[in-house]
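Please open the model in your viewer and keep the selection panel at hand. The tour below goes from one selection to the next and says at each stop what is there.

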Amino acid sequence: MAARYILLNLKLVFLIVVLISCVEYTISSFVEGNGDDQPFDFSVEDATENHFTYSDMSHGFDRVVQKESDAWSMVETKQNQFVVDGQPFYVNGFNTYWLMIFAADQSTRGKVTEVFKQAASVGLTVCRTWAFNDGQWRALQKSPSVYDEEVFKGLDFVISEAKKFKIRLILSLANNWEAFGGKAQYVKWGKAAGLNLTSDDDFFTDPTLRSYYKAHVKTVLNRVNTYTNVTYKEDPTIFAWELMNEPRCTSDPSGNTLQGWIQEMAVFVKSMDPKHLLEVGLEGFYGPSTPNRVQFNPNTYAQQVGTDFIRNHKVLGVDFASVHIYADTWVSQAISDAHLQFTKSWMEAHIEDAEKYLGMPVIFAEFGVSTKDPGYNSTYRDKYLSSVYKTLLDSTKKGGSGGGSLVWQLFPEGTDYMDDGYAIVLSNSPSTSNIISLHSTRMSIFNSICSMKCRWGCKKKNVMDIIFLNHNDHDEM
């Protein structure tokens, strides 16, 4: 019996090594170049025909390590790592913000299914989307605590459909910007109620507006899904709650106002839902509490918007850090290698801070390249995505705080009118699809190997050495 067990393990190890070697060869030839220091020259046919996809590589391997049950557990954090059932969980995901409003209309609901299907086909496992639409067209919250049930059913559908494709959701609860209502709409509601408000930043300080926000949070968290009959706050399909998309409080550059709001709302959310993870939704700008880190900000204005990356994330109840990356907005619009250099240093600084000062994982929750940028081409976008993924892989290799990333943003065909320039339509972008797929494969293999708990006796470091076989030999892109 012992001999058969050893033989089985040897066969399994051999299978894994062969599979990983194929992955590494494909990645190194596809991403790092062709050996003569020139970018790899590929055509659409090359990208679609000559490279394995996530589904090609993962399905057979996943069957070897597949859990016996389809039951999901909540995502948790353990020190600076995400875990599910005690095993590492690395995020490779995407943003599609409009899912709820599309799902609320039968004529567009199919696009929700389509984007989840396409995302799953390249191994994406987490989606960030809005759980708000305040006072606008097809509003979820038409006025304070007054909801459109059909739109809420749209959100129910999004959550139900995500689970079918094994995609978890980060649900954002409000917006800093006017799109979909935002804090400006809360201020409008307050003025209509007779409040003396002078700034959109009153959202963070006025007791009535804070109560409006809390009421919305309470309503969403306690919602019972009409498709699954599961209360949102009990549903492991939801990866995390996000307090607000890109909160800023420019009226108080000291950061005290926003800090107070984060403290209050984090405790409020956790008091109702201690099971789910919580994040703030920040862009990652360094503030007054860390003058030695402001050098990493993209510009001097970033220090004046009332946010403070390290201080904001030390708040009780916040489980992981969020950072956004928009070199084409913050540094310069025209495409250049300076964007790649900024992105690398920006990511490395936040990964280091998450490890040393926060003791939590960090997700780079928005990043991308706009087709509207001067000098844009798809080759550069592919290079940019590869750079982001490589920085994360370098962190993963050493057990760092780089918890994952969410590209902005994934669209299905026929939704061009919603495109802000950053949309990626996978079916029209085979080379980009391959880069995402290959990154998913690496992460899937690592998660799967760790879930087997190294039954043949290797430690985590040995697993990492196997997965990233020859990775250091191909560091230059």
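Begin by selecting R293, which counts as buried at 9% relative accessibility, where buried means under 20% relative accessible area, exposed over 50% and partly exposed in between, computed with a 1.4 Å probe on protein chains only. R293 sits in the loop between β10 (277-279) and α10 (309-313); helices (H or I, at least four residues) and strands (E, at least two) are DSSP runs numbered from the N terminus. Leaving out residues up to four places away in sequence, R293 touches Y286, A349, E352 and D353, contact meaning heavy atoms within 4.5 Å.

Before moving on, note that this is a predicted model, in which local features need pLDDT of at least 70 and side-chain atom pairs count only at pLDDT 80 or more, while totals for chains, interfaces and linings use all residues. Residues are numbered from 1 along each chain as its sequence is written, and side-chain values use heavy atoms, with hydrogens and water left out.

**Helix α13**

Select T391 next, which has its place in helix α13 (residues 378-397) and is buried, with a relative accessible area of 6%. T391 and T343 are 48 residues apart in sequence, and their C-alpha atoms are 9.3 Å apart in space. Not counting residues up to four places away in sequence, T391 touches K344, M347, E348 and I351.

**Helix α7 and its cover**

Now select residues 182-192, which form helix α7. Eight of the 11 residues of α7 are buried, so this helix is largely enclosed by the rest of the structure. The buried residues of α7 are G182, K183, A184, Q185, Y186, V187, W189 and G190, and what covers them includes β6 (141-143) and α8. Just after α7, G194 takes a positive phi of about 95°.

Axes here are lines fitted to C-alpha atoms, for helices over the stretch in contact, and angles run from 0 to 180 degrees between N-to-C directions. The two helices α7 and α8 are therefore oblique to each other, given that angles under 35 degrees count as roughly parallel, over 145 as roughly antiparallel, 65 to 115 as roughly perpendicular and the rest as oblique. On the side of α7 the contact is made by Y186, V187, W189 and G190, and on the side of α8 by L209, Y212, Y213 and H216.

**From α8 to α9**

Keep α8 and select helix α9 (residues 256-272), which packs against α8 at an angle of about 30°, with the axes 11 Å apart. The helices α8 and α9 are therefore roughly parallel to each other. The residues in contact are R210, Y213, K214, V217, K218 and L221 of α8 and W261, E264, M265, F268, V269 and M272 of α9. By class, the contact of α8 with α9 has eight nonpolar, no polar and four charged residues, with Ala, Val, Leu, Ile, Met, Phe, Trp, Tyr, Cys and Pro counted as nonpolar, Asp, Glu, Lys and Arg as charged, and the others, Gly among them, as polar.

**The nonpolar cores**

Which residues touch the most other members of the largest nonpolar core? Of its 108 residues, they are F94, F116, Y213, W241, W261 and Y384; a nonpolar core is a set of buried Ala, Val, Leu, Ile, Met, Phe, Trp, Tyr and Cys residues joined through side-chain atoms within 4.5 Å. Helix α12 (residues 337-358) gives the most to this core, with eight residues. Centre the view on W261, which, leaving aside its neighbours within four places in sequence, is in contact with F203, F204, R210, Y213, L243 and M244. A second, separate core of 14 residues includes V84, I170, F239 and L406.

**Backbone stops**

Finally, turn to the loops. Q79, between β1 (76-78) and β2 (81-84), is not a glycine but has a positive phi of about 55°, and Q79 is exposed, with a relative accessible area of 66%. K166, in the loop between α6 (149-164) and β8 (168-172), also has a positive phi of about 55° without being a glycine, and K166 counts as partly exposed at 45% relative accessibility. End at the cis peptide bond that joins W408 and Q409, where omega is about 5°; Q409 is found in the loop between β13 (402-408) and α14 (430-451).
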